[in-house]
Amino acid sequence: MSDLAAYLAAATLLTFSAYRLRTDRHGAPPYQLQHYGYGLMMCLGLAMAILAPATPGLLADLGLSRVAEILLGDSVRIMAVSILMFMAYVVGRRPVRGLPVVAAVVAQLADIGSFVAARPVIGGPDDSLVTHGSGQWLLAGHDLIFAGYTGWALAIATAAFWREARRADPGPVRTGIRLSLVALAVGMVWTAWTVDDIVHVLRTGVQDGSEDLVSNALGALCAAFIVAATLVAKWHTGYAVVRERVHTYLVYRRLTPLWEAVRAELPQIALDDRHRLPFGGRSLDFALYRRVIEIHDARLALRPYDPERRAEAVGPEAHVEAASIAAALANHRDGRVRASGEPVRHAEAAKTVAAEAAWLAEVANAFARMGKSSRRASTTQAVMAAPAAPAAPATPAALAHSGEDGS
């Protein structure tokens with residue numbers, strides 16, 4: 001189970017980072033922060049794979065001793081921590097030079113030097129590291145260097161990402177930063193779990209050379225959050241496009257009840273269905289634009305049949321507009337043209353197609369809620385329509401006369 005968690009996390013990190021590096025070469029030039037992020041993933045993946053309990057048997061055929069393998073894994077982990085430090089400086093808009101570079105070199109050399117000076121050997125059935133005398137202090141110092149350096153880097157990175165999350169606008173980028181903060185929190189727990197190694201070495205001179213189940217589980221969880229943060233932050237443009245497509249489609253669907261009602265009464269407003277474009281990409285914007293235009297064409301055609309206004313309409317503006325359309329449709333079905341008086345005043349058209357579509361979507365919702373059985377009653381209450389005028393044929397002269405009255 002421990003091997004499975006380690007190898008799964010390692011494969012995820014290595015595969016994803018290699019894929020992103022390859023795709024970035026053929027796309028827009030990658031930024032410095034992305035370079036460091038991919039390097040961090042690679043180092044974490046390699047370290048988890050090297051220090052997995054089953055790895056010694058795989059590397060033995062290559063002539064790599066167990067002690068050398070543990071030292072290699074620890075060195076790669078220190079490299080990952082240094083890259084994390086560099087990322088924190090980039091996020092904090094500070095140049096990566098001076099203190100972080102010196103700290104990375106010193107930590108790497110001190111980690112390797114203390115391990116070599118401790119002269120640990122493999123002992124016991126579980127391939128643990130064993131040392132005695134001053135070697136215990138040196139091996140404990142090796143673990144302490146890693147824990148202290150990692151804790152320092154995590155604290156700096158957390159502070160930098162926290163400030164950036166507060167500055168970022170709501171959206172995928174801020175979500176990616178917050179996921180990075182969760183990954184850092186898991187990393188702190190992962191680091192704290194190594195403190196027991198220091199105590200155990202000082203007491204017994206023995207240290208387990210492989211990562212245990214809890215360490216590998218925490219590493220896998222940290223890897224998952226790192227990949228999730230990178231995906232959200234990297235692909236925020238695609239996410240925004242998909243979100244906009246979904247929003248456009250939902251508005252288009254919300255207009256359906258109103259559009260179907262006016263089209264059923266006035267089929268001439270609809271363009272030829274044979275010329276419809278495929279429902280995707282830019283054609284979705286075109287379909288929404290056309291639906292808005294067709295509803296407006298229907299409103300113009302229904303003007304002679306608008307109810308007369310005896311008093312100011314009462315209720316939400318979208319409901320009043322929907323009630324007016326319902327009344328005009330009913331008058332058109334019965335052939336009742338407005339004889340005289342002031343027609344219901346309609347809301348002015350919005351300045352943009354998106355705003356107009358949103359407004360008509362509210363009207364369509366109100367129209368759908370009215371229901372077939374209550375539209376006439378809602379029209380009377382909300383629009384204060386006058387009693388229907390005597391039925392008259394919709395002659396061209398009558399239409400011209402009513403158009404002059406309603407202008």
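Guide: Happy to! A crossing is called left-handed if the near helix is turned anticlockwise from the far one by less than a right angle, and right-handed if clockwise. Keep in mind that this is a predicted model.

Visitor: Good. Which hand is the crossing of H11 and H13, left or right?

Guide: H11 passes H13 in a left-handed crossing. Here H11 covers residues 256-265 and H13 covers residues 317-334.

Visitor: And at roughly what angle do their axes cross?

Guide: Roughly 20°, with the axes coming within 10 Å. Angles under 35 degrees count as roughly parallel, so H11 and H13 are roughly parallel to each other.

Visitor: Which residues meet there?

Guide: From H11, Leu258, Ala261, Val262 and Glu265 meet Ile325, Leu329, His332 and Arg333 of H13. By class, that contact has five nonpolar, one polar and two charged residues.

Visitor: What about H11 and H14, how do they pack?

Guide: Their axes are 7 Å apart, at an angle of about 75°. That makes H11 roughly perpendicular to H14. Pro257, Leu258 and Ala261 in H11 touch Leu360, Val363, Ala364, Phe367 and Ala368 in H14. This contact has eight nonpolar residues, with no polar and no charged ones.

Visitor: Switching topic: is serine 114 buried or exposed?

Guide: Buried, because its relative accessibility is 10% and the cut-off for buried is under 20%. Serine 114 sits in helix H5, residues 99-118.

Visitor: What lies 2.9 Å from a polar atom of its side chain?

Guide: The backbone oxygen of alanine 110. Leaving out residues up to four places away in sequence, serine 114 also touches Leu138, Gly141, His142 and Ile145.

Note on methods: Residues are numbered from 1 along each chain as its sequence is written. This is a predicted model: local features need pLDDT of at least 70, side-chain atom pairs count only at pLDDT 80 or more; totals for chains, interfaces and linings use all residues. Side-chain values use heavy atoms; hydrogens and water are left out. Axes are lines fitted to C-alpha atoms, for helices over the stretch in contact, and angles run from 0 to 180 degrees between N-to-C directions. Helices (H or I, at least four residues) and strands (E, at least two) are DSSP runs, numbered from the N terminus. Angles under 35 degrees count as roughly parallel, over 145 as roughly antiparallel, 65 to 115 as roughly perpendicular and the rest as oblique. Contact means heavy atoms within 4.5 Å. Ala, Val, Leu, Ile, Met, Phe, Trp, Tyr, Cys and Pro count as nonpolar, Asp, Glu, Lys and Arg as charged, and the others, Gly among them, as polar. Buried means under 20% relative accessible area, exposed over 50%, partly exposed in between (1.4 Å probe, protein chains only). A polar contact is a pair of N or O atoms within 3.5 Å; within protein, one must be able to donate a hydrogen and the other to accept it, and residues adjacent in sequence count only if both atoms are side-chain atoms.
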